[in-house]
Amino acid sequence: MAVPKKRPSHARTFRRKRANEKRELVTVGVCPTCESPVLPHHACPSCGHYKGKEVKPVLEKEKKAKKEKK
Ligand SMILES: [Zn+2]
């Protein structure tokens, strides 16, 4: 049986592994209410709105914290 003379380097091994990994593009929308990035078919994480209606209550502290970051 053929035996490899040397073991492949760390770089070579990881280059091969990374080459077969999928890199997915994530589509990101913009919330019409607060204009923050939102995932499609998800309620907005910062204001809790989905399709113009508030569907998820967001704590006042979280709202303030996210606005201050901008
Ligand atoms: Zn929003």
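Which residues does Ser 36 touch, not counting residues up to four places away in sequence? Ser 36 touches Cys 31, Cys 44 and Ser 46. The model behind this answer is predicted.

## Confidence

The protein has a mean pLDDT of 82, and 83% of its residues reach 70 or more. Helix H1, at residues 10-19, has the highest mean pLDDT among the elements, at 93. The lowest mean, 61, belongs to helix H2, at residues 60-69.

## Overall layout

Two helices and four strands make up the elements of the protein. Read from the N terminus on, their order is α-β-β-β-β-α.

The protein has 70 residues, of which 6% count as buried. Contacts between residues at least 6 apart in sequence were also sorted by separation: 0% of them join residues at least 24 apart.

## The loop between S1 and S2

Strand S1 spans residues 29-30 and strand S2 spans residues 37-38, and Ser 36 is found in the loop between them. Glu 35 is found in that loop between S1 and S2 as well.

Ser 36 is partly exposed, because 15 other C-beta atoms lie within 10 Å; the partly exposed class falls between the exposed limit of 12 or fewer and the buried limit of 20 or more. Glu 35 has 12 C-beta neighbours inside 10 Å and therefore counts as exposed.

The backbone of Glu 35 has a positive phi of about 60°, although Glu 35 is not a glycine. Most residues other than glycine have a negative phi.

## Distances to Cys 47

Ser 36 is 11 residues from Cys 47 in sequence, and their C-alpha atoms are 8.8 Å apart in space. For Glu 35 and Cys 47 the separation is 12 residues in sequence and 9.7 Å in space, again C-alpha to C-alpha.

## The loop between S2 and S3

His 41 lies in the loop between S2 and strand S3, the latter at residues 49-50. How many C-beta neighbours does His 41 have inside 10 Å? There are 7, so His 41 counts as exposed.

The phi of His 41 is near 65°, a positive value in a residue other than glycine. Glu 35, in the loop between S1 and S2, also has a positive phi, of about 60°.

Key: Residues numbered from 1 in each chain as written. Predicted model: local features only at pLDDT ≥ 70, side-chain atom pairs only at ≥ 80, totals over all residues. pLDDT = per-residue confidence, 0-100. Contact = placed C-beta atoms within 7 Å.
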